[in-house]
Amino acid sequence: RKAWEGSCELRGEEHAETLVFGMNLAVVLRELGRSKEAEPLLRRSLQGLNEHRGAGHPDTLAAASHLSKILHHLRQDLGEAEPLARRAWEGSLRHFGPDHPRALCASADLGLLLLERERPKEGEP
């Protein structure tokens, strides 16, 4: 939290590095069971990173993936989580290739979400 707060003061809340710190803080909060607190941080990070670094940048893809996981975990809106998971998966395939760990994790995340939405056939290769 201190890194994010310090970056907010030094660089501003919308600076790309501050947005990455916010995303990382949100991941920690999720792991601590504080997903509701993490969600707005991830939304802000995803929006800002999309604007500053572009939709296909690895940081933006990571923010989309993390937000999808939180929405899935909270069971808030699987309809919103799915396009985020799909975006993370497709972007990871393009950026890293199909055998990269990030692409494989994104594939598994999308597959689990599709399974929960009772559309497992869409997750098959």
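Okay, quick definition before we start: the expected span of a helix is 1.5 Å times one less than its number of residues. Keep in mind that what we're looking at is a predicted model.

Let's take helix α2, residues 16–31. Those 16 residues reach 23 Å from the first C-alpha to the last, close to the 22 Å expected. Just past the end of α2 sits Gly33, with a positive phi of about 80°.

So what covers the buried residues of α2? The cover includes α1 (2–11), α3 and α4 (58–74). Among the buried α2 residues you'll find Leu19, Gly22, Ala26, Leu29 and Arg30.

Now hop over to α3, residues 35–53, and find Ala38 in it. Is Ala38 buried or exposed? Buried, because its relative accessibility is 0%. Leaving out residues up to four places away in sequence, Ala38 touches Ala26, Leu29, Arg30 and Ile70. And here's another pairing: Ala38 and Leu67 are 29 residues apart in sequence, yet their C-alphas are 8.8 Å apart in space.

Which residues line the largest cavity? That would be Trp4, Glu13, Thr18, Leu19, Gly22, Leu41, Arg44 and Ser45. Helices α2 and α3 each put at least two residues into that lining. By class, you get three nonpolar, three polar and two charged residues around the cavity. Thr18, Leu19 and Gly22 turn up again here as lining, and they're also on the buried list for α2.

Terms used
Residues are numbered from 1 along each chain as its sequence is written. This is a predicted model: local features need pLDDT of at least 70, side-chain atom pairs count only at pLDDT 80 or more; totals for chains, interfaces and linings use all residues. Side-chain values use heavy atoms; hydrogens and water are left out. Helices (H or I, at least four residues) and strands (E, at least two) are DSSP runs, numbered from the N terminus. Buried means under 20% relative accessible area, exposed over 50%, partly exposed in between (1.4 Å probe, protein chains only). Contact means heavy atoms within 4.5 Å. On a 1 Å grid over the protein atoms alone, a cavity is a set of points where a 1.4 Å probe fits but cannot get out, and a pocket is an open set with protein on both sides within 12 Å along at least five of seven lines; lining residues have an atom within 4 Å of a point. Ala, Val, Leu, Ile, Met, Phe, Trp, Tyr, Cys and Pro count as nonpolar, Asp, Glu, Lys and Arg as charged, and the others, Gly among them, as polar.
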